[in-house]
Amino acid sequence: MADRAAMAAFLRARREALQPEDVGLPRGRRRRTGGLRREEVAALCDMSADYYRRLEQPRGPHPSEHMLAAIARGLHLSSEERDHLFRLAGHAIPVRARRGDHINPGMMRILDRLEDTPAQVMNHLGETLKQTRPAVALLGDETRFTGFSRSSHYRWFNDPAARSLHHESDHTEQSRLRVADLHDAYTRDGRDSRASELVHALRKESPEFAGLWRERPVLEKHCAPTRFQHPQVGPLELHCQTLVDPDQSQRLLVYTAVPGTASHTNLALLCMLGSAPTF
């Protein structure tokens, strides 16, 4: 059973504990009290201010697991705090959330400060959890997919559109990198895991993946620049810096270009345009 009063008090306490600087917002001169406003939290959670306000009163609807996950991300809750929120709302802790879907609060704080840079948080299965606007402009909205298609690795071997941004001569190397990444996830997670399910589906559906899987490729430490052929700004050669969280389940990817190059100019133009590419 949901405990609406306790959930409202918990949300209010976490909102008041967050400072604007914690989520990449300016403090402003007119802010008289600490903490975030309800409207700010609602925007961070991608929901209406009225919906969030009613949850805190408490007189709102019973939030779904999807809405609770959005609130947990918006309030930068730790894994333990997120689990507590789910229990207060009368939901079991989602299995998927325990496997790397809840973004590490430290990762969120960094991502919030990269709003003018292509950056995104992904889990160890290649599933994109959150993107900055420039990342959507560069790669498209990768959070919209469901099922196995949530994984960029799965889409790479099953959806021709997934390869359209990459230079054709790099496709072979990209395929090897993605198989190596999944092999690493499978080795760590074991046979009774989502990584295993994903690998099984790909071996069944993609002859290319199956052939590479038999070679058991291993990830290399050095990663060459990635070449994109973007439909709006043309060719881009980008470096991808990666920050990995302590338990290896999530990574923050940040795309940059060498200053003074055509790629740097084109990337700046793309960030200004801010619209997702069409494939």
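Author: A residue is called buried here when its relative accessible area is under 20%, and exposed when that area is over 50%. The structure discussed is a predicted model.

Reader: Which residues of α5 are buried?
Author: The cut-off to apply is a relative accessible area under 20%. Helix α5 spans residues 79–88, and α1 and α4 are among what covers its buried residues. In α5 the buried residues are Arg82, Asp83, Leu85, Phe86 and Leu88.

Reader: At what angle do α4 and α5 pack?
Author: Two packed helices are described by the angle between their axes and the distance between those axes. The axes of α4 and α5 lie 10 Å apart, and their crossing is right-handed. The contact joins Glu65, Leu68, Ala69, Ile71 and Ala72 of α4 to Arg82, Leu85 and Phe86 of α5. The packing angle of α4 and α5 is about 145°.

Reader: Which residues does tyrosine 52 touch, not counting residues up to four places away in sequence?
Author: Tyrosine 52 is one of the residues with the most contacts inside the largest nonpolar core. With residues up to four places away in sequence left out, tyrosine 52 touches Leu11, Arg15, Arg38, Val41, Ala42, Met47 and Leu75.

Reader: How many residues has the other core, which includes Leu125?
Author: The largest nonpolar core has 22 residues. Apart from it lies another core, with Leu125, Phe157, Leu182 and Val199 among its members. The number of residues in that other core is 15.

Reader: Is aspartate 46 buried or exposed?
Author: Aspartate 46 lies in the loop between α2 and α3, and its phi is near 60°, a positive value in a residue other than glycine. Because its relative accessible area is 67%, above the 50% cut-off, aspartate 46 is exposed.

Reader: What is the relative accessible area of arginine 216?
Author: Arginine 216 is in the loop between α11 and β3 (226–230). Its phi is near 50°, a positive value in a residue other than glycine. Arginine 216 counts as partly exposed because its relative accessible area is 42%.

Reader: At roughly what angle do the axes of α10 and α11 cross?
Author: The axes of helix α10 (residues 194–205) and helix α11 (residues 207–214) come within 5 Å, and the crossing is left-handed. Val199, Leu202, Arg203 and Glu205 in α10 meet Pro207, Phe209, Ala210 and Trp213 in α11. These contact residues divide into 6 nonpolar, no polar and 2 charged. The axes of α10 and α11 cross at roughly 115°.

Reader: How far apart in space are leucine 212 and valine 179, C-alpha to C-alpha?
Author: Leucine 212 belongs to helix α11 and, at 12% relative accessibility, counts as buried. Leucine 212 touches Phe157, Ser175, Arg176, Val179 and Pro217, not counting residues up to four places away in sequence. Leucine 212 and valine 179 are 33 residues apart in sequence, while their C-alpha separation in space is 6.9 Å.

Reader: Why does glutamine 174 count as buried?
Author: Glutamine 174 is found in helix α9 (residues 171–189). Leaving out residues up to four places away in sequence, glutamine 174 touches Trp156, His166 and Thr226. Glutamine 174 counts as buried because its relative accessibility is 13%.

Reader: Which element of the chain has the highest mean pLDDT?
Author: The chain averages a pLDDT of 88, and 93% of the residues score at least 70. Among the elements, the lowest mean, 87, belongs to α5, and the highest, 97, belongs to helix α8.

Definitions and conventions
Residues are numbered from 1 along each chain as its sequence is written. This is a predicted model: local features need pLDDT of at least 70, side-chain atom pairs count only at pLDDT 80 or more; totals for chains, interfaces and linings use all residues. Side-chain values use heavy atoms; hydrogens and water are left out. A nonpolar core is a set of buried Ala, Val, Leu, Ile, Met, Phe, Trp, Tyr and Cys residues joined through side-chain atoms within 4.5 Å. Buried means under 20% relative accessible area, exposed over 50%, partly exposed in between (1.4 Å probe, protein chains only). Helices (H or I, at least four residues) and strands (E, at least two) are DSSP runs, numbered from the N terminus. Contact means heavy atoms within 4.5 Å. pLDDT is the predictor's confidence in each residue, from 0 to 100. Axes are lines fitted to C-alpha atoms, for helices over the stretch in contact, and angles run from 0 to 180 degrees between N-to-C directions. A crossing is left-handed if the near helix is turned anticlockwise from the far one by less than a right angle, and right-handed if clockwise. Ala, Val, Leu, Ile, Met, Phe, Trp, Tyr, Cys and Pro count as nonpolar, Asp, Glu, Lys and Arg as charged, and the others, Gly among them, as polar.
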